[in-house]
Amino acid sequence: MSNFPFLSVLTVAPLVGALVVALLPRRSPELAKQVAFGWSLLVLVLSVIMWITFQADGDRFQFRESYPWIPNWGVNFTFAADGIALVMLMLIAILVPLVILASWHDAESSKRSVPVYFALLLVLECTMIGVFAAADVFLFYVFFEVMLVPMYFLIGSYGGHQRQYAAVKFFLYSLVGGLFMLAAVIGLWVVGGKTFDWQALSQVDISTGTARWLFLGFFLAFAIKAPFFPFHTWLPDAGGAAPAGAAALLVGVLDKVGTFGILRYCLPLFPEASRWFAPWALALGVIGIIYAALLAVGQNDLKRLVSYTSIAHFGFIGVGIFAFTTQAGTGAVLYMLNHGLATGLLFLVVGMLIARRGSALISDFGGAGKLVPVLAGVLFFAGLASLALPGTAPFVSEFLVLIGTFTTNKPVAVIATLGIILAAAYVLWMVQRTTQGTLNPALTEVEGMRRDLTLREKVVVAPLIALIVLLGFYPKPVTDVINPAVRATMQDVGRTDPAPTVGSVQEAAK
Amino acid sequence: MTELKLPSIDYAALAPILIMLGVALVGVLVEAFVPRRLRNTVQLTLALAAVLGALTMVILNSDDRLLTAGQAIAVDGPTLFLQGAILVLAAMALLLIGERSIERGGAFVAHAAVTAESPDDRRQAEGASGTTEVYPLATFAIGGMLIFVAANDLLTMFIALEVFSLPLYLLCALARRRRLLSQEAAMKYFMLGAYASAFFLFGVALIYGFTSGIPGRTAGVDFATVHAAVTDSPASPVLLFAGMALLAIGLLFKAAAAPFHVWTPDVYQGAPTPVTGFMAACTKVAAFGALLRVFHVAFSGAAWDFTPVLGAVAVLTMLVGAVLAVTQTDIKRLLAYSSIANAGYLLVGVLAPSKDGLSGTMFYLVAYGLSVLAAFAVVTLVRDADGEATHLSRWAGLGRRSPFFAAIFTFLLLAFAGIPLTSGFMSKVAVFGAAWASGNAWLVVAGVVTSMVLAFPYLRVVVMMWLSEPGDATPTVTVPGALTSAALVIGVLATLVLGVAPAPLLDLANGAAEFVR
């Protein structure tokens, strides 16, 4: 079974599904939804089999496949997955069916074609899988850029208020980063001896000055994608305007490409430059944690609020990556997964609330828990997961990031910890203003608010809640897969974990 | 009296050129002797047959690597590749020119001599059959372009320049509607083109002077002599630099590079759209073919001297094209500025003095030509009672009215923006890669930065088409006739195929990327 070409099949399958769905007649939206859902389940099953086949203690890269594409430039369709990519692929495979299920009626509210909406979701899945599965820098770049197109149309055609503005801003920001990366990719190709193969390039010695410039080209693209402060301003607009399902994929998966790219490309290919730029990256991360959290506290729009919380969380991930310890790195990767689950859930639940109320403004809610108690409960749970309450999965990752960072950089760890307090503030205040307190009389007028979670919506949230709790108590299956990959990455950077000394333990105890 | 020695002529190698020019002459006779109602069919068939015949000869000659006609013509890899490219693009352009079902009588004026805006003019615009002189004119132009990319001395190059330019000036003036605009465009193009030709000729004279006095060689303007003179000439290098600059001005004018680009938007807007497409695709190939040969063969020894200057021109061209494209409100002007910016990217490739640079530039020319012709084909389709609706505001909501054509145009715009899986992306990678490898990383950075700027106007059109609501003024898309459909299908498929599997064409370009000296 380990010879089965998992990665290429996983990449192509959603694309085929998208074509099938797009070719379905416009008059039969129900059929389109069912086909799209079925197809995404197929991908999920395949991914689960791949996860089981993956040997955590085996090679760093598994399921390697390579087919020639453009021999003149040394471009190949090379796919390979390490533990980090595997976890992200699994996240995609889990989220997409749930998002399709959650968006069942989203496309109908717009005047656009319903099958196309689901086809775009599947195209997006194809490009997202491709970007994580690629082991050829050129191929990675192709998926990285193409990913913009389906997302652009999802936001621009099916989004809410200010969707045009948000879609264009999203596209241009990402394209700017992407084009800087294109220059760096071409430069890397030239200095690397005209090959795009990741493994060959990771062996190449690049002169310090060149490597720093190339690092910057890649880092800029990933920092915009992630997004890190100060490149984040597109996310609240895009997240606020996108339909809830697309927004869940946007922050849940798409943005992880940024942090994944840093781990896969910036660190191993330009180790010296990574160490050189690490203080700056840490600073951006820390500023992001505090600044975005403060902005989140002040938001009155639910989707924008969740977007800002994501920026804060990406700050944590950035800190975890650039702390250069295995603990922090593992925490960062785990955070990428957990954030996808928790924020994905939060976005979907918020989307359900908004669909009922017909407004995303927090001030339009108030005491909603009295009308839709189950939905309010799920929102509360998603909020708690998002603020990393112990017992939920994000706690494990946030804690790992903080202790991993503390061993090498105490001030950063201490400031980042403040972010947890702010997280409590924005989540709890949001929950209080929407679902608790006195009932907003206007809510009873709205018909949608009299309907609690439907069966379909329960099916959407149940797996996410289960996973968040499960990974909160028992993250070992995931950390086992992540750990070797992170350790290898840290070795590439040339940093080993500081040996625990008595002194540092005492210091930590103070 | 010394006996005059006739140069030997390899007629097979020259066949593509001879076929085009010969058929152009036959076309003139057709105008005189064939009854009016048959002319369009006869002329179109004749022109297409000539192009296909010439293309066949190019393919049959594909292994030729020789100099002929007294070293005036070089038939080598780049010549054959570029001739093939010109012929394929010209065939597509002829299909657009021959289209008669979109507008009654076709896109061309019936009687070019009728005063614009007069009652007679309005009558002819109503549907009188368009003039058929366009076919011999276009055939002459194609023939001139075939010589232009093959010319191995500066005088032949100059004559070829005139042979393909003069018909183009006329073609620009032949639009059926908005005739004042069309005539103004032709006049502008002619005046500025004449200046550019004069610059070119002056440059030839200076270079001739520069080549005199090399021991063991007579003065001359063939590329081998010029090449030898660059290193060995006892004459002052001022002659060389001035001559090179003047030659470059003449060529960069045709290539639409800044600061010699000012004619482009006006001419692209005023000319009949099929002719605009023809110019954007074929003239570009011809101009860059000549630039490649002049700078890679004749002046390669002076690369250190011209690279910084031409590099600055490239950066300026990319900047001007990208920045001014942002402010455009007319689709044809937008595509004109995009074509200027693309001239900048092509220059980046020209400045890479390597096999990769040469093959990358040639790949770019083909890929861009195919996409841009398809784009102009779509422009001919979006129309209302007054002809083409080129103002961008009129394209609002087109995605609702005609999703199919809007999708095609979106795809072409994404190709222009260089999004992967389109030929635009592959060609950018090809020229940027070659440029970086030959030490011009600064040009790559400039190219990337201007691409970011250029993405915005393209995106604006996409937004217009898809995300805006259709208004009362949104025109419908005319169902294209068979000819336009064929051109459109070829262009769009090529844009996709070259974006997904560029290897075969890259191989072909690579195999052709060596000049015979």
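The end C-alpha atoms of residues 134–419 of chain A lie 34 Å apart, and this span is 79% helix and 0% strand. Helices here are DSSP runs of H or I with at least four residues, strands are runs of E with at least two, and both are numbered from the N terminus. The model is predicted: local features need pLDDT of at least 70, side-chain atom pairs count only at pLDDT 80 or more, and totals for chains, interfaces and linings use all residues. Residues are numbered from 1 along each chain as its sequence is written, chains are lettered from A and ligands numbered from 1 in the order in which they are written, and side-chain values use heavy atoms, with hydrogens and water left out.

The UniProt record, in an unreviewed entry, places the feature "domain: NADH:quinone oxidoreductase/Mrp antiporter transmembrane" at residues 134–419 of chain A. An unreviewed entry also places the feature "domain: NADH:quinone oxidoreductase/Mrp antiporter transmembrane" at residues 151–452 of chain B. UniProt positions are given in the numbering used here, feature names are shortened, and annotations may be inferred rather than shown by experiment. Over residues 151–452 of chain B, the chain is 77% helix and 2% strand, with the end C-alpha atoms 37 Å apart.

The two chains meet at an interface. There, 36 residues of chain B are in contact with 34 residues of chain A, where contact means heavy atoms within 4.5 Å. Together the chains bury about 3,200 Å², with 78% of it on carbon and sulfur atoms. B:Trp436, B:Met452 and B:Leu467 supply 21% of the area that chain B buries against chain A, more than any other three residues. Buried area is the accessible area (1.4 Å probe) that two parts lose on being put together, summed over both.

B:Asp356 forms a salt bridge with A:Lys194, and the closest N and O atoms are 3.0 Å apart. Three residue pairs, both members at pLDDT 80 or more, are in polar contact between chain B and chain A. A polar contact is a pair of N or O atoms within 3.5 Å; within protein, one must be able to donate a hydrogen and the other to accept it, and residues adjacent in sequence count only if both atoms are side-chain atoms.

On the side of chain B that touches chain A, the elements giving two or more residues are helices H16 (403–417), H17 (423–437), H18 (441–467), H19 (482–500) and H20 (503–512) of chain B. The largest share, eleven residues, comes from H18(B). The residues of this side divide into 26 nonpolar, six polar and four charged. In this grouping, Ala, Val, Leu, Ile, Met, Phe, Trp, Tyr, Cys and Pro count as nonpolar, Asp, Glu, Lys and Arg as charged, and the others, Gly among them, as polar.

Over all chains, a search of the whole structure finds 17 salt bridges. One of them joins A:Glu272 to A:Arg212, with the closest N and O atoms 2.7 Å apart. A:Glu272 lies in helix H14 (residues 271–297) of chain A and A:Arg212 in helix H10 (residues 208–225) of chain A, so the pair ties together parts that are 60 residues apart in sequence. A:Glu272 counts as partly exposed at 28% relative accessibility; the classes are buried under 20% relative accessible area, exposed over 50%, and partly exposed in between (1.4 Å probe, protein chains only).

A:Arg304 forms a salt bridge with A:Asp237, the closest N and O atoms being 2.9 Å apart. Because A:Arg304 lies in helix H15 (residues 302–322) of chain A and A:Asp237 in helix H11 of chain A, the pair ties together parts that are 67 residues apart in sequence. A:Arg304 is partly exposed, with a relative accessible area of 25%, whereas A:Asp237 is buried at 12%.

Within chain B, B:Glu184, B:Lys188, B:Asp266 and B:Arg333 are linked in a network of salt bridges. B:Arg179 lies in helix H7 (residues 179–211) of chain B and is buried, with a relative accessible area of 1%. The side chain of B:Arg179 makes a polar contact with the side chain of B:Asp121 (3.0 Å).

Key
A salt bridge is a side-chain nitrogen of Lys or Arg within 4 Å of a carboxyl oxygen of Asp or Glu.
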